[in-house]
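Let's walk through how two protein chains meet. Have the structure open beside you as you read.

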There are 2 protein chains.
Amino acid sequence: MQQNSLSHWAWGHARNFPDRQTRQQLGQMIEALLGFSPQEVKDPVPLENVQLSPLRDPPGKPPSCITIKPEDRVRHSYGRSYLDQLRGFSGDFNAAPDLVAYPQNEQQLEEVLSWADSHQVTVVPFGGGTSVVGGVEGPRETSNYLMSLDLTGLNKVLEVDLESRLARIQAGIKGPHLEEQLREHGLSLRHYPQSFEFSTLGGWIATRAGGHFATLYTHIDQLVASIRSISPQGWIDTRPLPASGAGPSPDSLLLGSEGILGVISEATVRLRPRPNYRASATVHFERLEQAVEAARTIAQSGLHPTNCRILDAKEAAFNGVSQDGKTLLLLGFEAKDRPLDSFLAQAMNIAEKEGGECPKGPRYRHPQESQDGAAAWKSAFIQAPYLQPQLISLGVMADTFETCVSWRTFPKLHQALMEGMKAKMRELTGAGKMTCRFTHVYHDGPAPYYTFLCPVRPGQEQELWWELKNTASELLLEYGATITHHHAVGRTHGPYYRRQVPQLFQKMLQAAKDTVDPQGILNPGVLLDGRS
Amino acid sequence: MQQNSLSHWAWGHARNFPDRQTRQQLGQMIEALLGFSPQEVKDPVPLENVQLSPLRDPPGKPPSCITIKPEDRVRHSYGRSYLDQLRGFSGDFNAAPDLVAYPQNEQQLEEVLSWADSHQVTVVPFGGGTSVVGGVEGPRETSNYLMSLDLTGLNKVLEVDLESRLARIQAGIKGPHLEEQLREHGLSLRHYPQSFEFSTLGGWIATRAGGHFATLYTHIDQLVASIRSISPQGWIDTRPLPASGAGPSPDSLLLGSEGILGVISEATVRLRPRPNYRASATVHFERLEQAVEAARTIAQSGLHPTNCRILDAKEAAFNGVSQDGKTLLLLGFEAKDRPLDSFLAQAMNIAEKEGGECPKGPRYRHPQESQDGAAAWKSAFIQAPYLQPQLISLGVMADTFETCVSWRTFPKLHQALMEGMKAKMRELTGAGKMTCRFTHVYHDGPAPYYTFLCPVRPGQEQELWWELKNTASELLLEYGATITHHHAVGRTHGPYYRRQVPQLFQKMLQAAKDTVDPQGILNPGVLLDGRS
C-alpha cells in the first residue's frame, strides 16, 4: 500500500480536498461565474465510517499476495468518475471487491491468475484507479468472488535501448516513476494524460490513453512497440518491431482491450529525448468557427504541432487562461535540437489568415492572458480533476465527455451537443453551462472535449447524470462520432460502444476472448456484454 | 476482362517482356556485372499452349457474373512471385481456380459469396494479382471448388469530403484510376507501392501495403479511416473516424487480414493535396554504417522526410543511380504550400555530421549520379519488377525479401543476412550477389530490403529458391525481425509468420475467423494453417 496519501474517494491526493470554508468560497465563485446557487456544503464520509460490501472468505488457498483488508477493498472499489466520487463521498462502497491482489512479479501474477481461474474468481485489473468510465469496477450481475488485481507492484524499467530509443517497462509503473527512471538515460516517453501522476503504463495501453501530443503521437498506441500480457490460457508476448505488415497487428488487439483479453504485465515503448527547443503562442479569435478553420488548416498542413488546442471563450475563462470572451488557439512545437520559430510562424500565419489575433514579440504572450496561455492552461489542466469532488460537496454536477469526428461533421455535432445539453440541463435543473475545447487534431477531424456544469438536488445526482450522459451519447452516435476518443469504454460507455462498433466485430472480439479466457473471469461486462 | 494488355504469366504489361535478342543482351550485361553466366535464353509457353487444371462444372446455380473461361482461369492462377512467374513461364497452370467471379456491384458480391458459402466453394479475393507471397493462389489440400473473386469491377470513387479530405472508394479500384478520379478534386491518396499501376485499394488494405512515404504514412494503415467488408455472416462496416479510443480498433483487425475475415468492398481513405513544393538530395557515404547512422538520426529528428532511402553501393550501381562505389542516402521532402529547403538543409546537416558528402548548389544533384538520384531511383524502382521474368528466361534467379527491425539489431542482422545468403548461394550455385536498401525508416528501426541474384540450373529453381528463402527467413526470425514489412504473409511466409506471432494471438484470430466464416471458405491456408 503506497496510496495512503491518496483520497479514498476523491481524485488524487487527500490533501488537495480543501476544508469546508475554502469550499464555501468556491461555492460563491461558482454562483458568480455560473449564475446558479450551489447547495449547502457537505463533508465526505470518512474512511473509517464507510459502508462496505460484506466480507466473504475466499475459496481454496489464495496466493499470499492477496488481501481482504477493508481499506484495500475500499481503495479498489471505484475509479474516479462523477458517479464513483459521488458514491465514495457518501460512503457507499457496496461495490467493493472481495479481495485485492498485489503481485510483485510475474510469477506471483501467474499464481494469482491461475488461482482465480480455477475458482472462477472475477479479475478486474487495477492500475492507477483513475478510470472515469467504470473500467475498474466489477460486475454486479454475478455472485462470483470479485478480485481487484493491483499491478502497481510491477513497476520497473527493465531495459533501455538507447540506439533504438526503446525501453522495456513493467506495466504497473506510474507516470512520474516511469519518467524518473528514464531520465537517467536522457530519454522520456512524453505521454502525459491528465491522470499522469497516478495512472500506469498498463492502464494507458489497456484503455488507449491520450497524451499531450496534439498530433501524430496522440495516443499511447503510437508509442507501443510490443506488449506482454497474461491470460488464463497463457502468455501473449508480441515482438517489438518498428513496424510490420505480417497480418493484423497483435498489439492493436490488445490496445484498448480493457482487461478482457489478458492482464498487461510489460510493454516495450518508444522514447524520445527531452525537448531543448520550444515555441508556443496563443491566438485569439472572435468566433469559434474561425479557430476551428485555423486548427483544421494547421492539422492538414504537415507542420505537426505538439500543441494545437482550442479553448472556447467559456473554457478559457473558467480555467483562468483568458477573460476577453474570445476563442483561444494554443499552438506549441517542441524538438530536441532544432529551433522551431519558423514552424510556429507558419502556424500563426495560417491562424492569422482565418482572422486570428496573433501575439507579437519574442515571448508570444498575449496581453489579455493571465500569464503565458499554454502554461496557464497546463496548470488548470492538472488541477481540473480536483474540482469535481469539491463541487460534489457543494451539490454541483461537473463532468466531461469527449469524442472525435470529421471536420465536415464537427459544426453540426457541436451545435447539436451545445443546444441539446443546455436544453436538457435547463429542463431538469433550471440552469447549466457547457464549454468546449479541442484536445487533439487530425488530418480528417478534431477531438472535441466538453465540460458541463449544473446544480443538482441531493438524491437526484445519479438519475440526472445518466439523463445528461445519455443525451450526449445519443448525439455522438447519431452524428457518426466515436463514444470516446481517449476516456475508454468501461461499463459506462458499454451500451453506446456496442451500438457504435460493427456487431460482427463484437462477435469476433468475444470469440477471441473466449479463446484466451474460456471461463470469462477477465473484466466481464467491460466492452462486451457477455458470452456470444 | 480489361487485362488483355497484361502478360498472362509475367509482371505487368505483356509488351514489356522483350524479344529474345534483347534478353540475350541482358544476359551479357548480367555476366559483366555479376560475374556469372546465364543459361541459354528460353521463351515462355504462350497462353494458348499452357497446361490448365481440368475443368469442373460448378455446383448449384452459380451467379451470372461467374465464368469458367480458360483464359480467365489462367489469369487468376497466380500472383507475381518468382515461383509464380517460373510456373507461368513454363506453362504450368495446374493451380488455376475452377471459376472466376466478376461482381460489378455489392449486390453481385453478396450473391457470389452466398452461393460460395452454400456450396463450400473456396473463395480467394483477387485485386491486381500482384502478390509476391502466394496470397492469391488457392489451397491444394482440399477438393473444394476454388473460386477467384476478382474485385476490379468495384472501381468507383463514391464520395469526396473536401473539408475532411476523405474519400469513400470501392476496393477494386487500381492505383492510376483512383488517382485519376481524385485529381478532379485536387486531392491525392499519395500511396505508391511498387505495384501501384496494377494493384487495388482493397489489396493494399488486405495486405497492409507499403507506400512511398518513408516516414509517418508508411503503410496504407495510416491512410484508412474506415473499411466495409463482407463475410459469409454478413457485412462489417466500421465508422470513419479520425481516431478513436473505443476498444481495440476494428480496422486494425481487417488491415492485413488477407481475405480470411472477409472481402473488402469499400474504404474511406485520407487524402492530401498534390505537393507544390519539393526538396530532395542524394548524399554519398564511404560506408553503409555511416549512412545508417545518418538515417537513424534523421528518423529520430522529427523532420519526417517523405523520402529517406538508403541504397548500398551495389544497389545504386545495379539500378543505374550511381557508380562511385558509395552508399547513397536519398532524401526528399514534399508539401503543398511551404518551401522545404530548410528541412532538407537540416537533414543534410545531420548526414554531413555522419561523414556524408552532400551535394552543393540549388539542384542538389551529385556530379557522380547518372541524373538526379531520386528520379533515377524512381525510374529503376518502377522497372525493377519487369526484370525478374526476363532473368527467369535466362536461368537467373533474382528475388527480394524485406523486413523491419530495431536500429540496435540491424547491424547484426544485416551481417548475418549478407554472409548467410552469399554463402548459401555460393554453396548451391557457385555464385551470387546481394544488395540492400532501406525502404522506410522509423524512430526505432529501419525497414531493410534485400535483393539476391544467382545462376540456377533448369529444373532446380524451386528447390534452390526455397533453400534461399528459408535461409533468409530463419535469420529474420532468429534476430527478432518481422517476416515481412510490407510484402504480406500469403502462403509463402505462412510457416514463418506462425512462428513469429504469439500462438494465442493466432488462436484468437482463428476464433475470429470461425465466427464470420464458419465453413472456412475465405482464403484458407493464408496467415493461419487451418481450423483451431
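Six is the number to start with: the interface of chain B and chain A holds 6 salt bridges in this predicted model.

Which parts of chain B supply the side that touches chain A? At least two residues each come from several helices and strands, including β7 (157-161), β10 (224-231), α10 (341-353) and α13 (461-478) of chain B. The largest share, 9 residues, belongs to α15(B). Sorted by class, this side of chain B has 41 nonpolar, 28 polar and 14 charged residues.

Now step back to the whole interface. Here 83 residues of chain B are in contact with 83 residues of chain A. Between them, the two chains bury about 6,700 Å², and 59% of that area is on carbon and sulfur atoms. On the chain B side, B:R239, B:P248 and B:M508 lose the most area to chain A, together 11% of what that side buries.

How are the two copies arranged? Chain B superposes on chain A by a rotation of 180° with 0.0 Å of shift along the axis, at an RMSD of 0.0 Å. The two copies are therefore related as by a two-fold rotation axis. Both copies use the same surface, and 100% of the contact residues of chain B recur in chain A.

Methods. Residues numbered from 1 in each chain as written. Chains lettered and ligands numbered in written order. Predicted model: local features only at pLDDT ≥ 70, side-chain atom pairs only at ≥ 80, totals over all residues. Heavy atoms only, no water. Least-squares fit on C-alpha atoms with pLDDT ≥ 70 in both. Contact = heavy atoms within 4.5 Å. Buried area = accessible area lost by both parts, 1.4 Å probe. Salt bridge = Lys/Arg side-chain N within 4 Å of Asp/Glu carboxyl O. Helix = DSSP H or I, 4+ residues; strand = E, 2+ residues; numbered from the N terminus. Nonpolar A, V, L, I, M, F, W, Y, C, P; charged D, E, K, R; others polar.
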